[in-house]
Amino acid sequence: MGFLDKAKAAATDLAAKADTALGSSGLGGPKASSGGDADRYFRDLGVLVFLEANGRPADPEEHLRVMTALQEMDTRGAIHSFALQTSPPPPPGTAAAGSRGGFPSPPDPAGSPVPPTPGGAAPQWQAPAATTPPPPPPSWMTKDSNDNS
């Protein structure tokens, strides 16, 4: 067996040991079942919420099953990031402090959750509070103030 064959065998053995170690620690990336499972459960939850929001039937037992699985994964620490994958990047100069996963939480355009009701009922959504209009532009920005006629 030549030198390159021995090096290749050693590298393959080392890669197998690394995969085993990472898999047992829960850090195995896409091959780790916990991360992939969380993504699949989050997708299922999104489908159920979308159906409910659009007045289509969604099985309440499936909703409970998916939520229970996600809560169990969260308790175990198997969900490594709660960052939204489709949100736009934050504007330059904004702070991301206090967010989970290192990304700021974008404002919810559909409304904000109401605190859960006693008995563990699912939170209901409400429309956001009315916001005040922005102040008018300063006088030096208006056309009339720049007019010298």
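Predicted model: local features only at pLDDT ≥ 70, side-chain atom pairs only at ≥ 80, totals over all residues.

**Entry 1: one histidine.** I began with H63, which sits in helix 3. Leaving out residues up to four places away in sequence, I found H63 touching L45, L48 and E52. Is H63 buried or exposed? The relative accessibility came out at 18%, so H63 counts as buried, the cut-off for buried being under 20%.

**Entry 2: the helix around H63.** Next I took helix 3 as a whole. Helix 3 runs over residues 60–76, 17 residues in total. From first C-alpha to last I get 24 Å, close to the 24 Å expected at 1.5 Å a residue.

Which residues of helix 3 are buried? My list reads H63, V66, A69, L70 and M73. Looking down the axis of helix 3, I see these buried residues fall within an arc of 135 degrees, so they line one face of the helix. A reminder to myself: an α-helix has 3.6 residues a turn, so residues three or four places apart point the same way. On the other side of helix 3, I noted P60, E61, L64 and T75 as exposed.

**Entry 3: the two ends.** Just after helix 3, I found G77 with a positive phi of about 85 degrees.

**Entry 4: aromatic rings.** How many aromatic pairs does a search of the whole structure find? I got one. The partners are F42 and F82, arranged edge-to-face, with 6.2 Å centre to centre and 80 degrees between the planes. F42 belongs to helix 2 (residues 33–53) and F82 to the loop between helix 3 and strand 1 (112–113), so the pair ties together parts 40 residues apart in sequence. I checked accessibility here too: F42, at 32%, counts as partly exposed, and F82, at 31%, also counts as partly exposed.

**Entry 5: confidence.** Last, I looked at pLDDT. The mean for the protein is 73, and 59% of the residues reach 70 or more.

Definitions and conventions: Residues numbered from 1 in each chain as written. Heavy atoms only, no water. Helix = DSSP H or I, 4+ residues; strand = E, 2+ residues; numbered from the N terminus. Expected span 1.5 Å × (residues − 1). Buried < 20%, exposed > 50% of the residue type's maximum accessible area, 1.4 Å probe, protein only. Arc of directions from axis to C-beta. Phe/Tyr/Trp six-rings, centres within 6.5 Å; stacked < 30°, edge-to-face > 60°. pLDDT = per-residue confidence, 0-100. Contact = heavy atoms within 4.5 Å.
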